[in-house]
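Could you walk me through this fold, from the strands down to the charged side chains?

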Amino acid sequence: MRRNRILWITLLAILGLAPSLRAQDFALKTNLVSDAALSPNLGFEVGLAPKWTLDVSGQLNAWPVKDRRWKHWLVQPEARYWFCRRFAGHFLGLHALGGQFNFGNWKHGTKFLGTDFAKLKDMRYQGWGAGAGVAYGYAWPVHPHWNIEAEIGIGWIYTSYDSYPCAECGSKVADNRPHNYFGPTKLALNIVYVF
């Protein structure tokens, strides 16, 4: 219920801004990297000043992928400073992120920057995460209304989770376990439509 309320408030805030927007003040986008990872996403960006924008992206995966758990939602707002003009060229960003996850039954043994993804083979992890980071990106205008945008970010994420065995009716084996992660927090190749 609380999630629906936040979604409606965000949508109404966006619609409230729409009548005052001019050309090059608003953009809609999708991240092809997230799409390839089976995480449908949508983002918008609003011009705040000649060289400043606010980018807000979100993704949702509410279904299992084959026999694996890959359910999650994530929201990532970012303040961007553009070196030349907004929606074109180089930019720096400062972002926050937050969401919930339910991952498990993934059969691979990758370790990455202190996180052991091999544990996803026999366990399911359910919890929440929040963090912050910095990013660098570049936007290539390819048409008066279309851009391609690449971005990479690094930062920190704190998670709290419960863990369960991957059995059909497994009982909880750990409660409120913390985990800190420092590393890439954003990777995007966006297709952008600028109004």
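This is a predicted model: local features need pLDDT of at least 70, side-chain atom pairs count only at pLDDT 80 or more; totals for chains, interfaces and linings use all residues.

Residues are numbered from 1 along each chain as its sequence is written, and side-chain values use heavy atoms, with hydrogens and water left out.

**The barrel**

Eight strands close into a barrel, in the order 1-2-3-4-5-8-9-10, with antiparallel pairing. From one strand to the next, the twist averages 20°; axes here are lines fitted to C-alpha atoms, and angles run from 0 to 180 degrees between N-to-C directions. Strands (E, at least two residues) and helices (H or I, at least four) are DSSP runs numbered from the N terminus, and two strands count as paired if DSSP finds at least two bridges between them. As a reminder, strands of a sheet pair through backbone hydrogen bonds, either parallel or antiparallel.

Strand 2 and strand 3 (residues 52-61) run antiparallel and are joined by eight bridges. A hairpin connects strand 2 to strand 3 through two residues, and G47 sits opposite T53 in strand 3. Moving on, strand 3 pairs with strand 4 over 10 bridges, again in the antiparallel sense, with W52 facing Y81 in strand 4. Strand 5 (residues 89-104) and strand 8 (residues 123-141) are also antiparallel, held by 16 bridges. In that pair, F101 stands opposite G127 in strand 8.

**Charged pairs**

How many salt bridges does a search of the whole structure find? The search finds 14, where a salt bridge is a side-chain nitrogen of Lys or Arg within 4 Å of a carboxyl oxygen of Asp or Glu. Three of them are listed here.

| Pair | N to O distance |
|---|---|
| K29 and E45 | 2.6 Å |
| K29 and D55 | 3.0 Å |
| E151 and K186 | 3.4 Å |

Take the salt bridge between K29 and E45: K29 lies in strand 1 (residues 26-31) and E45 in strand 2, so the pair ties together parts that are 16 residues apart in sequence. K29 is buried at 5% relative accessible area, and E45 is buried too, at 0%. (Buried means under 20% relative accessible area, exposed over 50%, and partly exposed in between, using a 1.4 Å probe and protein chains only.) K29 also meets D55 in a salt bridge; because K29 is in strand 1 and D55 in strand 3, this pair ties together parts that are 26 residues apart in sequence. D55 is buried, as is K29.

The side chains of E151 and K186 form another salt bridge, linking strand 9 (E151) with strand 10 (K186), 35 residues apart. E151 has a relative accessible area of 3% and is buried, and K186, at 9%, is buried as well. Salt bridges with shared partners join K29, E45, D55, E78, R80, E149, E151 and K186 into one network.

**The nonpolar patch**

Which residues form the nonpolar patch on the surface? They are L32, V33, W140, V142, W146, I148, I152, L187, L189 and I191, with about 850 Å² of accessible area together. Patch members have over 30% relative accessible area and no salt bridge, and nonpolar side chains (Val, Leu, Ile, Met, Phe, Trp, Tyr) are joined within 5 Å; areas come from the Shrake-Rupley method with a 1.4 Å probe. Helix 2, strand 9 and strand 10 (174-194) each supply at least two of the patch residues. L32, for one, lies in helix 2 and is partly exposed at 37% relative accessibility.

**Single residues**

S34 is in helix 2 too, but S34 is buried, with a relative accessible area of 10%. Leaving aside neighbours within four places in sequence, S34 is in contact (heavy atoms within 4.5 Å) with S39, N41 and Q59.

L38 has a positive phi near 60° although L38 is a residue other than glycine. L38 is in the loop between helix 2 (32-36) and strand 2 (41-49) and is partly exposed at 44%. F87, also not a glycine, has a positive phi of about 70°. F87 lies in the loop between strand 4 (69-82) and strand 5, and at 3% relative accessibility F87 is buried.

How values were computed
Patches are made of residues with over 30% relative accessible area and no salt bridge: like charges are joined within 9 Å, nonpolar side chains (Val, Leu, Ile, Met, Phe, Trp, Tyr) within 5 Å.
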